[in-house]
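Morning, everyone. I have one structure to show and a few minutes to show it in. Please look at the screen.

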Amino acid sequence: MCSYIPPAVSVLLTNMKTKTKQEQINEIVKAVAKVTGVSEQTMLGRLRTDEAVEARWICWHYIHTHMGLQCAVIGRRWGKGVNHATVIHGLKQIAYKLMYARDWNLRPMMEDVAEVLKIEPKLPKAQVREVA
């Protein structure tokens, strides 16, 4: 196993370790709110407009992939009737939209969120279907 950690990754790991999990979640929520234009209150509330739901899913994606929190933990910390099944559904929807759907705004939006957070975006590659 390689023990070398590139300097940029080392700085990121150091910054992430010094913050509590709740601080990291708040930082992700603020970044998503800034990029999507959906207020933090709307994102954390129960409103089910397309924009609010998609912003929640983006938050959950970054909380799950970059913080490593399990879906049940994300649901408990999010509150407002969100359980693990809701989080799993959101993560699947984001992955599907990134891989198969023709939502041209989602990938750049998620890359912008990663840029605001100063992290590497871990997004699935889009699948290209051959037309016969």
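This is a predicted model: local features need pLDDT of at least 70, side-chain atom pairs count only at pLDDT 80 or more; totals for chains, interfaces and linings use all residues.

Just after α4 comes Gly68, with a positive phi of about 75 degrees.

Is α4 mostly enclosed or mostly open? Of its 18 residues, 14 are buried, so the helix is largely enclosed by the rest of the structure.

Next, the core. The largest nonpolar core has 34 residues, and those with the most contacts inside it are Met43, Ile58, Trp60 and Tyr62. Two or more residues each come from α2, α4, α5, α6 and α7. Which of these elements gives the most? That is α4, with 9 residues.

Take Ile58 from that list. Not counting residues up to four places away in sequence, Ile58 touches Val32, Thr36, Ile94, Leu106, Met109, Met110 and Val113.

Now to His61, which also lies in α4. Is His61 buried or exposed? Buried means under 20% relative accessible area, and His61 has 8%, so it counts as buried. What does it touch? Leaving aside neighbours within four places in sequence, His61 is in contact with Leu91, Ile94, Met110, Lys122 and Leu123. With Lys122 there is a polar pair: the backbone oxygen of Lys122 lies 3.3 Å from a polar atom of the His61 side chain.

That is my part. Questions, please.

Notes
Residues are numbered from 1 along each chain as its sequence is written. Side-chain values use heavy atoms; hydrogens and water are left out. Buried means under 20% relative accessible area, exposed over 50%, partly exposed in between (1.4 Å probe, protein chains only). Helices (H or I, at least four residues) and strands (E, at least two) are DSSP runs, numbered from the N terminus. A nonpolar core is a set of buried Ala, Val, Leu, Ile, Met, Phe, Trp, Tyr and Cys residues joined through side-chain atoms within 4.5 Å. Contact means heavy atoms within 4.5 Å. A polar contact is a pair of N or O atoms within 3.5 Å; within protein, one must be able to donate a hydrogen and the other to accept it, and residues adjacent in sequence count only if both atoms are side-chain atoms.
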